[in-house]
Amino acid sequence: KARRPMVITTLHGTDITLVGTDPSYYQIVKFSIEHSDCVTAVSKSLADQTQEYFRISKPIEMIYNFFVPKPECLNHKPEKTNFVRGNEKLLVHASNYRPLKRSMDVLKIFHEIRRVLPVKLLFVGNGPEIGSVRQSVIDQHLEEDVFFVGVTRKIDPYIACADLLLLPSQQESFGLVALE
């Protein structure tokens, strides 16, 4: 007799905070969780949220995200001189540019910081709101001070060159960019 394969469900933030809260997906997400042999989450807060929102009594195991930095990026800012000169500082924001990530707030923070420090801003990633961010940069005539890298699988050098990483997310169960 053939055995059924083990079903493991791993929860990430958007599974619950975005997809799971959409009424059209609620039942399928709840069913998937309840009929899994094992459920894992990247943080305790996400596990608690899931159990409360979906009324799940099944235990959820924590397997925290991890990241192994590239040795060539430790104590070295390999990309920094591509964006800043002299004593300028570099602010970096990396995300998937959804409303939850508050990317427009990054521009507001940038304006406040540049009042007191010589600073440039680097956006890494892509998503539905990146067009609005780009347009705002153009409207504010910031093209010389704000850079866009787009999607990259090699995020390490960009995160490593940050003097300050800006992550004003409205909610994160476990922000992988902060770990990186």
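1. Start with a term. A residue is buried under 20% relative accessible area and exposed over 50%; in between, it is partly exposed. Keep in mind that this is a predicted model.

2. Now take proline 118. Its relative accessibility is 35%, so proline 118 counts as partly exposed. Proline 118 sits in the loop between H4 and E5.

3. What does proline 118 touch, leaving aside residues up to four places away in sequence? The contacts are Asn87, Glu88 and Lys89. Valine 84 also deserves a look. Valine 84 and proline 118 are 34 residues apart in sequence, yet their C-alpha atoms lie 9.4 Å apart in space.

4. Next, helix H4. H4 runs over residues 103–114, twelve residues in total. From first C-alpha to last, H4 reaches 17 Å, close to the expected 16 Å.

5. Which residues of H4 are buried? They are Ser103, Asp105, Val106, Leu107, Phe110 and Ile113. An α-helix has 3.6 residues a turn, so residues three or four places apart point the same way.

6. What covers the buried residues of H4? The cover includes four strands: E4 (89–95), E5 (119–125), E6 (146–150) and E7 (164–165). Helix H5 (130–139) is also among the covering elements.

7. Last, the cysteines. Cysteine 161 is buried, because its relative accessible area is 0%. Cysteine 38 has a relative accessible area of 24%, so it is partly exposed. How many disulfides are there? With a cut-off of 2.5 Å between cysteine sulfur atoms, the count is zero.

Technical notes
Residues are numbered from 1 along each chain as its sequence is written. This is a predicted model: local features need pLDDT of at least 70, side-chain atom pairs count only at pLDDT 80 or more; totals for chains, interfaces and linings use all residues. Side-chain values use heavy atoms; hydrogens and water are left out. Helices (H or I, at least four residues) and strands (E, at least two) are DSSP runs, numbered from the N terminus. The expected span of a helix is 1.5 Å times one less than its number of residues. Buried means under 20% relative accessible area, exposed over 50%, partly exposed in between (1.4 Å probe, protein chains only). Contact means heavy atoms within 4.5 Å.
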